[in-house]
Amino acid sequence: MSLSPRPEPVRFQSLADAVDFLYSRLPGPLHVGAPLGLGKPHRLLNALYERSEREPSRRLHLYTALSLDPPGAGKGLEARFLTPFAQRHFGDDYPRLAYVQALKRNALPAHMEVEEFYLQSGALLRSQAAQRRYASLNYTHVARALAERGVNAVVQKVAPDPAGSGRLSLSCNTDLTFDAIDAIVASGLPRPVLIAEVDPLLPWLDGSAAVGASFFDAVVTPPGPYPKLFGLPRQPVSDADYAIGFHASTLVRDGGTLQIGIGTLADALCHALVLRHTDNAAYWRVLQALGYEKAGESSGAGSAPLERPASAGVDLSGTGNAMAPVAPLDPFEVGLFGCSEMLNEGFRRLVEVGVIKRKVVDDLELMRRLHEGRADAADLERLEREGEYLQGGFYLGSQDFYDWLREMPQDQRRGISMRRISEVNELYGGNETLERLQRRDARFFNSCMMATALGAAVSDTLDDGRVVSGVGGQYNFVAMAHALPHARSVLMLRATRDNGGDTRSNVVWNYPQATIPRHLRDVYVTEYGIAHLRGKTDEDCILAMAAIAGSGFQYPLLQTAIGAGKLAPMHYRLSERNTPQRLRAALAPLRAQGVLPDYPLGSDFTAVEQRLVKALAWLKANTATTGAKARTVLKALTSGGAADAEAMQRMGLERPAGFAETLEARLVGLALRETSAN
């Protein structure tokens with residue numbers, strides 16, 4: 001029996017008319033779903049919020065995640081730096097989400113409710129409504145939850161086909177829309193009302209991301225000009241970030257599969273993989289600076305397996321932190337297949353240099369022949385013609401990343417496939433046998449805030465229960481790593497953090513909250529090395545985690561473990577090498593040579609702003625405590641030296657008026673001199 005075709009959508013140019021249409025189609029409470037991140041139709045949602053404010057008798061429930069909001073200007077020096085940058089980077093006309101501003105003021109109207117399963121990192125810690133209505137969900141469980149909540153409308157930003165076919169692309173967010181609609185209908189509820197907001201700036205992606213216009217009930221195309229897409233400002237990569245990224249890169253096998261998260265740890269990992277492929281000698285210079293040694297130097301650069309890093313620290317007596325077997329760290333010959341819930345800046349660079357290039361097709365028998373070495377010329381020709389080298393559920397990045405997607409030749413863009421999150425983030429319920437062949441030697445790299453000595457990860461929640469971000473797909477990938485043969489879950493974290501001038505360890509004995517339970521422990525990486533925990537005893541896990549903790553925190557960790565009966569009370573040789581000072585000294589020559597640039601994937605800051613970013617970070621660190629602040633202010637007032645005139649002009653401090661501005665100018669000048677000297 002064939003289904004009758006869906007009618008053509010109602011078309012609007014006015015956002016208010018589109019909201020009127022939604023209200024007329026749904027007489028009761030509105031339960032509206034909206035994509036996370038870039039695919040959220042900000043202007044349409046703001047029009048909906050405005051209408052809802054006027055009609056408090058109609059309850060509005062919004063279900064979404066990652067509500068992107070440009071940074072606030074702040075005060076003082078922060079405002080002087082951020083205000084001009086935000087105006088240039090985001091545009092004066094960027095439509096800030098009205099409900100986010102209300103949440104931040106704790107002023108959301110009583111008849112409205114916003115429920116998110118992933119928050120912009122740290123942005124809503126003080127929002128009572130956001131914290132109360134946060135839903136802790138695995139990414140792949142969200143569609144089911146939306147059906148349980150009775151979602152009756154979905155709004156989404158879409159891209160128009162530049163070829164003029166009239167089709168629309170879900171582009172940046174295929175992650176949940178299809179899954180959610182299927183789950184809602186399967187639960188016995190009516191198909192939700194679907195409204196698309198067309199944005200010509202959104203890159204067009206075809207394939208499974210494209211649908212006919214009749215997929216939607218209404219399509220609104222508001223007149224231009226169109227605000228810039230939200231671009232994530234790329235941040236500088238620190239020495240600790242680089243050390244973590246290069247340690248992690250040694251775990252990646254040629255011909256394997258890659259998933260990465262977002263942030264400077266992922267940027268550092270991508271740069272390491274790029275360097276491994278494009279300048280293997282420089283890549284090895286970084287590894288050797290971190291304490292790695294090639295087994296058999298005479299056998300040729302990069303062609304020998306690794307020995308255990310010389311910097312392991314704790315004397316493990318052969319029981320703990322020996323390196324797992326890895327392939328030779330040569331340039332990539334076969335290349336990697338990218339399969340990641342989020343596509344971002346790092347993937348762009350990896351594709352450009354030829355690291356991401358291994359293709360897969362959704363043909364079980366062909367993939368089986370490839371796996372078994374039986375593929376013939378016709379198979380290889382089809383793989384080249386139809387194969388996909390990059391699959392994702394959503395994308396988010398810089399303006400350069402969006403330009404790359406827009407300007408990519410069609411034959412290359414065809415290799416990027418935007419898919420349902422149920423296809424990307426799990427094996428079960430689809431074609432598991434096929435995906436196992438496609439995702440060989442998978443490495444799933446994600447970040448966490450803290451890790452316990454027994455292997456649990458803290459990635460999204462503070463000790464008092466307040467949510468920083470969310471679990472997202474992290475649990476999905478950790479579980480998948482245990483389900484796939486030869487796959488590994490790698491959680492990356494900095495060994496320490498600064499809290500108001502107080503340095504604290506991120507490798508802890510225990511913590512009230514956990515994102516990943518310790519029975520799923522696998523691989524952890526800090527700037528001081530790699531801890532392999534899969535299948536290990538508690539004793540071995542503790543020793544491995546202590547080996548990658550900061551030098552000043554190893555002894556208390558071991559003492560606690562001994563007190564709990566988890567370690568024997570014997571002598572343990574502790575590391576004096578796990579310090580930021582030693583790491584900085586080891587990487588300084590490579591920084592000077594340009595091997596480890598501050599912005600390996602490009603920068604959204606001008607040259608003068610890059611100097612100021614470094615200077616303001618130094619200033620923040622050196623005024624974190626009352627004593628440090630007093631010393632820094634005194635030094636600023638009494639020291640001389642030439643100032644960076646361009647930087648002072650950028651901060652509006654070239655001619656300070658009054659004592660407050662004079663002090664600010666002196667502080668910035670001091671910070672610029674200190675960071676320039678270093």
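Which residue stands opposite His532 of strand 22?

A: The model is predicted. In it, Val523 is the residue that stands opposite His532 in strand 22.

The two strands concerned are strand 21, residues 523-526, and strand 22, and they run antiparallel with 4 bridges joining them. The link from strand 21 to strand 22 is a hairpin of 2 residues.

Strands pair through backbone hydrogen bonds, either parallel or antiparallel. An open sheet of 3 strands has the order 16-15-20, and its pairing is mixed. Strand 16 (457-458) and strand 20 (507-508) are the edge strands, each pairing on one side only. Strand 15, residues 450-452, runs parallel to strand 20 and is joined to strand 20 by 2 bridges. Within that pairing, Thr452 has Val508 of strand 20 as its bridge partner.

Helix packing is the next topic. Two packed helices are described by the angle between their axes and the distance between the axes. For helix 11 (residues 345-353) and helix 14 (residues 399-407), the axes come within 9 Å and cross at roughly 50 degrees. That angle is why helix 11 counts as oblique to helix 14. The crossing of helix 11 past helix 14 is left-handed. On the helix 11 side the contact is made by Glu345, Arg348, Val351 and Glu352, and on the helix 14 side by Asp400, Phe401 and Trp404. Sorted by class, this contact has 3 nonpolar and 4 charged residues, and no polar ones.

One loop residue also belongs in this picture. Asn344 lies in the loop between strand 11 (337-343) and helix 11. Its relative accessible area is 5%, so Asn344 is buried. Apart from neighbours within four places in sequence, Asn344 is in contact with Ile260, Gly261, Ile262, Leu396 and Phe401.

Technical notes. Residues are numbered from 1 along each chain as its sequence is written. This is a predicted model: local features need pLDDT of at least 70, side-chain atom pairs count only at pLDDT 80 or more; totals for chains, interfaces and linings use all residues. Side-chain values use heavy atoms; hydrogens and water are left out. Two strands pair if DSSP finds at least two bridges between them. Axes are lines fitted to C-alpha atoms, for helices over the stretch in contact, and angles run from 0 to 180 degrees between N-to-C directions. Angles under 35 degrees count as roughly parallel, over 145 as roughly antiparallel, 65 to 115 as roughly perpendicular and the rest as oblique. A crossing is left-handed if the near helix is turned anticlockwise from the far one by less than a right angle, and right-handed if clockwise. Contact means heavy atoms within 4.5 Å. Ala, Val, Leu, Ile, Met, Phe, Trp, Tyr, Cys and Pro count as nonpolar, Asp, Glu, Lys and Arg as charged, and the others, Gly among them, as polar. Buried means under 20% relative accessible area, exposed over 50%, partly exposed in between (1.4 Å probe, protein chains only).
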